Amino acid sequence: MTTDDWTEHKSRLESFESRLASAMNDGVAPGSPEANDLAEEHRAILSEWFAVSHSMHVLISRGYVADAGFREHYDSRAEGLTKWLVEVIGANAAANGVDPETAEWV
C-alpha cells in the first residue's frame with residue numbers, strides 16, 4: 001500500500017468507528033438491520049486484509065474484549081463500545097447461520 005492508501009484506509013476506519021459509537025449511543029440494538037449492516041461493514045474492512053467469514057468474525061471479535069489494547073481503543077470512542085461491537089458481530093453471525101458459541105476458524 002502507498003502512503004496515500006494508508007491515509008485513506010485510516011480515514012475510512014476512523015469514520016466507521018465514529019458511526020459505530022454513535023449507533024451504540026443512539027441505542028441501536030444488536031441484531032437489528034442497522035447493527036447488522038455495521039457488522040457487515042466491519043467484516044468488509046477486515047476482509048481488505050484477508051477473507052473473513054462470519055465465523056471468523058466472531059472469533060476475531062473475542063480478541064477485542066480479551067486484549068486490553070483493543071478494549072482501550074474501542075472504549076476510548078465510547079464506554080462499552082467493545083462489548084457492544086462483539087454483541088453486534090455475534091448477532092449478525094447468528095443471522096447468517098453461525099452459532100457464535102461454536103464458531104470456528106473457517
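Visitor: Let's start with His 57. Is it buried or exposed?
Guide: His 57 counts as buried, because its relative accessibility is 1%, and buried means under 20%. Keep in mind that this is a predicted model.

Visitor: Okay, and where is the place of His 57?
Guide: His 57 sits in helix H3.

Visitor: Which residues does His 57 touch?
Guide: Leaving out residues up to four places away in sequence, His 57 touches Ala 39, His 42, Arg 43, Leu 46, Val 52 and Ile 89.

Visitor: Arg 43 is on that list. What does Arg 43 itself touch?
Guide: Again not counting residues up to four places away in sequence, Arg 43 touches Val 52, Ser 53, His 54 and His 57.

Visitor: And is Arg 43 buried or exposed?
Guide: Arg 43 is buried, with a relative accessible area of 17%. Its place is in helix H2.

Visitor: How far apart are Arg 43 and Ile 60?
Guide: From C-alpha to C-alpha, Arg 43 and Ile 60 are 9.9 Å apart in space, and in sequence they are 17 residues apart.

Visitor: Let's zoom out to the helices. How do H2 and H3 cross?
Guide: Helix H2 covers residues 33–46 and helix H3 covers residues 54–66; their axes come within 11 Å and cross at roughly 90 degrees. H2 and H3 are therefore roughly perpendicular to each other.

Visitor: Which residues meet there?
Guide: From H2 you have Ala 39, Glu 40, His 42, Arg 43 and Leu 46, and they meet His 54, His 57, Ile 60 and Tyr 64 in H3. By class, that contact has four nonpolar, three polar and two charged residues.

Visitor: What about H1 and H4, at what angle do they pack?
Guide: H1 and H4 pack at an angle of about 65 degrees, and their axes are 8 Å apart. That angle makes H1 roughly perpendicular to H4, as angles of 65 to 115 degrees count that way.

Visitor: So which residues in H1 and H4 meet?
Guide: On the H1 side they are Glu 14, Glu 17, Ser 18, Leu 20 and Ala 21, and on the H4 side His 73, Tyr 74 and Arg 77. The contact of H1 with H4 divides into three nonpolar, two polar and three charged residues.

Visitor: New topic: what volume does the largest pocket have?
Guide: The largest pocket has a volume of about 200 Å³.

Visitor: How many residues line the largest pocket, and which lie nearest its centre?
Guide: The largest pocket is lined by 13 residues, and His 42, Leu 46, Tyr 64, Phe 70 and Tyr 74 lie nearest its centre. The elements giving two or more residues to the lining are helix H1 (3–25), H2, H3 and helix H4 (68–77).

Visitor: How do the lining residues divide?
Guide: The lining of the largest pocket has nine nonpolar residues, three polar and one charged.

Visitor: Last one, Pro 33. Buried or exposed?
Guide: Pro 33 is exposed, with a relative accessible area of 65%. It lies in helix H2.

Visitor: What separates the C-alpha atoms of Pro 33 and Asn 92?
Guide: Their C-alpha atoms are separated by 9.0 Å, while along the chain Pro 33 and Asn 92 are 59 residues apart.

Conventions: Residues numbered from 1 in each chain as written. Predicted model: local features only at pLDDT ≥ 70, side-chain atom pairs only at ≥ 80, totals over all residues. Heavy atoms only, no water. Axes fitted to C-alpha atoms, helices over the stretch in contact; angles between N-to-C directions. Helix = DSSP H or I, 4+ residues; strand = E, 2+ residues; numbered from the N terminus. Parallel < 35°, antiparallel > 145°, perpendicular 65-115°, else oblique. Contact = heavy atoms within 4.5 Å. Nonpolar A, V, L, I, M, F, W, Y, C, P; charged D, E, K, R; others polar. 1 Å grid on protein atoms, 1.4 Å probe; cavity = no way out; pocket = protein on both sides within 12 Å on 5 of 7 lines; lining within 4 Å. Points joined across faces, edges and corners; volume = space filled by probe spheres on them. Buried < 20%, exposed > 50% of the residue type's maximum accessible area, 1.4 Å probe, protein only.
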